[in-house]
Amino acid sequence: MNTIDRLLDPIWIPKVIRVRQSFARPIIADVVGELRGKLQSNNVMSKIRPGQVVAITVGSRGITNMPLLTRTLVEEIKSRGASAFMVPAMGSHGGATAQGQREMIIGMGFTEEYIGAPIKSDMDPVQVGTSGNGFPVYFDKNAYSADWTIVANRIKPHVAFRGPVESGLQKMITIGLGKQKGADICHELGFGEMAVNVPAMAKVSLEKANILCGVGILENPFHETCQIEVLTNQEIAKKEPALQELAKKLSQRIHFATLDVVIIDEIGKDISGTGFDTNVIGRFHTPFIQSGGTFAKRFAVLDVTDVSHGNSNGLGIADFTTRRAFEKTSFDNTYPNALTSTVPLSVKIPMVLKNDRQAFQACIKTCNRLDKENVTLVRMKNTNELEELEISQNLTDYAAKHPYLEILSDPYEILFNEKGDLF
């Protein structure tokens with residue numbers, strides 16, 4: 001037995017119960033019909049002429065229904081006698097390479113066969129102008145050479161800064177279509193300036209590039225599509241801030257203000273830019289968000305999604321991780337994020353432990369609670385799937401009284417296999 005085993009093996013792990021969280025749950029039953037209706041009511045597609053070519057952006061996030069909605073856009077474009085192609089619009093993600101970005105969107109379901117359109121991936125954008133605050137503005141060269149570009153993205157709170165415009169259409173224009181060069185420039189002065197830089201740079205592309213419209217997606221706390229808005233080129237800057245405010249009200253959360261231990265089964269770029277939504281777990285990698293989410297004394301990440309292709313951005317915010325997650329990490333795919341965003345904290349390496357059990361035990365041992373039998377613990381799959389959680393048995397009374405928590409099980413032991421990993 002080595003020293004780490006000797007220190008951690010005796011640490012008791014509490015029994016847990018399973019609970020269901022409830023939230024307001026607006027949802028669109030027919031997302032295809034909703035998108036077609038919004039396209040028709042806004043009349044934006046009438047500008048597309050037969051024989052023209054339209055680029056459609058595809059980001060790096062796992063957005064519910066996004067492949068289906070992208071396919072619907074392609075069908076609408078083809079119905080007007082035009083053709084379409086997909087453009088990876090994700091800044092420096094995918095290892096900041098054309099092939100890496102192509103592979104990333106294919107892994108999320110945006111295959112050429114399903115969408116009905118080819119992928120054109122390139123990392124050498126064209127400069128379309130200079131922002132009012134002096135930044136060169138770049139635009140994907142394949143999209144720029146098309147007749148039109150449709151920008152499609154989820155609108156949600158950002159994990160590193162606050163402002164009227166955070167994650168959404170203008171960020172997709174500035175950073176996504178700007179490729180690594182655009183992302184690098186936008187982040188150059190840090191996240192403290194992002195609330196200014198994103199709309200200032202997007203303004204240039206909206207005026208000088210070929211952006212036809214934006215398709216903004218909002219999701220409810222269950223990661224389901226609850227609103228689709230089609231905004232014309234002229235409407236994007238005016239109407240996105242109100243959609244951002246609505247997205248904040250719809251954001252997912254866990255119904256616990258403070259906890260000793262939080263365990264997340266997986267993080268990944270398909271889940272959030274920082275691997276997990278820092279607005280759920282109140283661990284922030286920049287000083288530009290001061291509060292929010294659940295405060296956790298100790299926090300462990302057990303794995304990285306396969307779809308993330310070794311990009312372990314966000315792992316550095318955790319206190320502990322597993323050897324499995326560490327061995328999945330590709331520095332080539334992870335470090336470009338930090339070098340581009342100028343935030344090295346999120347790609348640092350936390351304490352690496354040999355298995356899941358020790359990650360639990362290390363969190364408990366270091367949570368600075370003398371009465372370890374009263375440790376409060378929550379385990380979740382990831383920060384997008386928060387409907388059901390495991391919580392420590394001592395939170396049963398709290399859950400029973402909470403209006404938005406439903407107890408689903410009796411207390412049970414967390415089971416690990418012979419390697420010490422969760423079943």
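**Contacts, rings and cavities**

Trainee: Which residues is Thr149 in contact with, leaving aside its neighbours within four places in sequence?
Mentor: Thr149 is in contact with Ala55, Thr57, Phe139, Ala143, Leu177, Asn210, Ile211, Leu212 and Cys213. Keep in mind that this is a predicted model.

Trainee: Where is Thr149 found?
Mentor: Thr149 is part of strand S6, which covers residues 148–154.

Trainee: Buried or exposed?
Mentor: Thr149 counts as buried because its relative accessibility is 1%, and buried means under 20%.

Trainee: What does the side chain of Thr149 make a polar contact with?
Mentor: The side chain of Asn210, at 2.9 Å.

Trainee: New topic, rings. How many aromatic pairs are there?
Mentor: The count is seven aromatic pairs. One of them is Phe331 with Tyr335, a stacked pair with 4.8 Å centre to centre and 15 degrees between the planes.

Trainee: Where do Phe331 and Tyr335 lie?
Mentor: Both are in helix H12, residues 331–341. They are four residues apart, about one turn of the helix.

Trainee: And what is the relative accessibility of Phe331?
Mentor: Phe331 is at 38%, so it counts as partly exposed. Tyr335 is at 33% and counts as partly exposed too.

Trainee: What about Phe360 and Phe416, how are their planes set?
Mentor: Their planes are at 80 degrees and their centres 5.6 Å apart, so Phe360 and Phe416 form an edge-to-face pair.

Trainee: Which parts does that pair tie together?
Mentor: Phe360 is in helix H13 (residues 356–365), while Phe416 is in the segment after strand S15 (405–407), so the pair ties together parts that are 56 residues apart in sequence. Phe360 is buried, with a relative accessible area of 0%. Phe416 is buried as well, at 14%.

Trainee: Which residue lies over the face of Phe222?
Mentor: Arg25, at 3.8 Å from the ring centre. Elsewhere, Lys120 lies over the face of Phe85, and there the distance to the ring centre is 4.5 Å.

Trainee: Now cavities. How many of 30 Å³ or more does the structure hold?
Mentor: Four. The largest cavity has a volume of about 520 Å³.

Trainee: Which residues are closest to the centre of the largest cavity?
Mentor: Of the 37 residues that line it, the closest to the centre are Arg61, His93, His158, Lys171 and Gly273. The elements giving two or more residues to this lining are S6, helix H7 (169–176), helix H8 (179–187) and H12.

Trainee: Last topic, the backbone. What is the phi of Asn65?
Mentor: Asn65 has a positive phi of about 70 degrees, although it is not a glycine. Most residues other than glycine have a negative phi.

Trainee: Where does Asn65 lie?
Mentor: In the loop between strand S2 (53–58) and helix H3 (66–78). At 25% relative accessibility, Asn65 counts as partly exposed.

Trainee: And the phi of His223?
Mentor: The phi of His223 is near 65 degrees, again positive in a residue other than glycine. His223 is in the loop between strand S7 (211–219) and strand S8 (225–232).

Trainee: Is His223 buried or exposed?
Mentor: His223 counts as buried, because its relative accessibility is 15%.

Technical notes: Residues numbered from 1 in each chain as written. Heavy atoms only, no water. Buried < 20%, exposed > 50% of the residue type's maximum accessible area, 1.4 Å probe, protein only. Polar contact = N/O pair within 3.5 Å; in protein donor to acceptor, adjacent residues only side chain to side chain. Contact = heavy atoms within 4.5 Å. Phe/Tyr/Trp six-rings, centres within 6.5 Å; stacked < 30°, edge-to-face > 60°. Lys NZ or Arg CZ within 6 Å of the ring centre and 35° of its normal. 1 Å grid on protein atoms, 1.4 Å probe; cavity = no way out; pocket = protein on both sides within 12 Å on 5 of 7 lines; lining within 4 Å. Points joined across faces, edges and corners; volume = space filled by probe spheres on them.
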